Amino acid sequence: MKSIRANLVRWTVSVLSLGLIIVVAVTYVLMRQQVDSQFDEELKQVALAVHLREDWIEAGRVRIARPGFYLSVRAYDKGGNVYFETALPTLPDDLPQSFREGLSLALTADGPWRVFTHVTEEGIVQVGQPVATRDQLARDLLLRVVIPMLFLIPFLAAFIGWALKRGLVPLEETSRRVRGRDALRLDPLPIGDVPQELLPLIKQINGLLGRLELSLDSQRKFLADAAHELRSPAAALALQVQLARGAHSEDARRQALQRVPLSHHRSRRDRPLSSSSHRS
């Protein structure tokens with residue numbers, strides 16, 4: 001048997017789940033864009049902060065990145081000779097040198113890298129970061145947002161179920177009132193405290209009760225008239241003929257015709273009694 005409450009809870013939870021998926025997807029896209037924007041700006045600031053005259057002491061010098069520094073830096077002249085570069089993290093060997101100012105996306109054997117290139121008179125500075133690092137950071141931030149939502153869905157489902165149970169109380173009360181009625185009680189159901197959503201149904205039920213009461217009154221009147229008419233044998237004979245004519249099946253017509261001789265015999269038997277009583 002289908003349950004309105006169960007269907008409403010199921011549909012509500014499904015809509016909430018679908019909404020959560022959409023929110024997570026949109027949140028990830030926006031968060032990823034925000035991470036890209038912040039890190040791109042950081043790449044630019046680091047590249048602009050490198051002073052080749054001060055930092056370049058001897059060709060090929062390797063600088064070790066300080067703890068907590070996750071950007072790779074490489075400096076070289078316009079001929080491609082490397083001045084210095086960071087180690088751990090280090091730019092991939094197959095990442096091409098660029099001689100144009102601005103941001104770019106480089107595909108390497110280690111995966112895509114986001115790179116900012118700063119061109120100066122003294123040389124060129126490249127600052128890069130793996131795209132995978134940004135993806136991991138975006139996923140970590142997303143989990144911090146999604147996990148509370150996942151715990152919220154069961155709570156919302158329980159709350160919706162409780163709210164629906166409270167909201168369907170008027171429907172259960174109406175059902176109880178209808179269940180307590182019988183053929184002897186056909187007065188209309190009260191509509192004073194009925195919610196607006198149930199009012200059309202209650203009015204239809206009251207209309208049905210009214211039509212049923214009129215039908216029962218007509219049947220009672222017909223039975224009373226028939227009982228009065230059946231006191232006369234001739235009326236009984238006429239009634240049997242009428243029933244035979246209006247029968248809806250052959251069996252009903254046959255039974256009605258079989259009662260005609262009996263009614264005729266009763267009519268002939270009762271006629272002398274009526275005559276003798278009249279003479280007396």
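Helix α3 bends by about 25 degrees at arginine 144, a kink that lies shortly before proline 148; the bend at a residue is taken as the angle between axes fitted to the seven residues ending there and the seven starting there. Helices here are DSSP runs of H or I with at least four residues, strands are runs of E with at least two, and both are numbered from the N terminus. The model is a predicted one, in which local features need pLDDT of at least 70 and side-chain atom pairs count only at pLDDT 80 or more, while totals for chains, interfaces and linings use all residues. Residues are numbered from 1 along each chain as its sequence is written, and side-chain values use heavy atoms, with hydrogens and water left out.

Several residues of α3 are buried, among them Val131, Arg134, Leu142, Val146, Ile153 and Leu164, where buried means under 20% relative accessible area, exposed means over 50%, and partly exposed covers the range in between (1.4 Å probe, protein chains only).

Around this helix, the protein chain as a whole has seven helices and six strands. Read from the N terminus on, these elements run α-α-β-β-β-β-β-β-α-α-α-α-α. Of the 280 residues in the protein chain, 28% are buried.

Helix α1 covers residues 4–49 and contains isoleucine 21, which is exposed because its relative accessible area is 57%. The C-alpha atom of isoleucine 21 is separated by 9.6 Å from that of valine 146, although the two residues are 125 residues apart along the chain; valine 146 is one of the buried residues of α3.

What holds charged residues together in pairs? Side chains of opposite charge can pair when their charged atoms come close. A salt bridge is counted here when a side-chain nitrogen of Lys or Arg lies within 4 Å of a carboxyl oxygen of Asp or Glu, and a search of the whole structure finds five of them. Within helix α1, aspartate 36 and arginine 32 are four residues apart, about one turn of the helix, and they form a salt bridge whose closest N and O atoms are 2.2 Å apart. Aspartate 36 is partly exposed, at 23% relative accessibility, whereas arginine 32 is buried, with a relative accessible area of 13%.

Aspartate 40 also takes part in salt bridges. With arginine 114 its closest N and O atoms are 3.2 Å apart, and because arginine 114 lies in strand β5 (residues 111–119) and aspartate 40 in helix α1, the pair ties together parts that are 74 residues apart in sequence. Arginine 114 counts as partly exposed at 22% relative accessibility, while aspartate 40 is buried, at 13%. Aspartate 40 forms a further salt bridge with arginine 134, the closest N and O atoms being 2.9 Å apart, and this pair links helix α1 with helix α3 across 94 residues of the chain. Arginine 134 is buried, at 2% relative accessibility. Through shared partners, salt bridges join Arg32, Asp36, Asp40, Arg114, Arg134 and Asp135 into one network.

Aromatic rings form another set of contacts. Rings of Phe, Tyr and Trp (its six-membered ring) pair if their centres lie within 6.5 Å, and planes under 30 degrees apart count as stacked, over 60 as edge-to-face and the rest as tilted; by this rule there are two aromatic pairs. Tyrosine 76 and phenylalanine 99 have ring centres 5.8 Å apart and planes at 85 degrees, so this pair is edge-to-face. The pair links distant parts of the chain, with tyrosine 76 in strand β2 (residues 72–76) and phenylalanine 99, 23 residues apart from it, in the loop between β3 (82–87) and β4 (102–108). Tyrosine 76 is buried, with a relative accessible area of 0%, whereas phenylalanine 99 is partly exposed, at 43%. Phenylalanine 159 and tryptophan 162 form a tilted pair, 6.0 Å centre to centre with 35 degrees between the planes, and both lie in helix α3, three residues apart.
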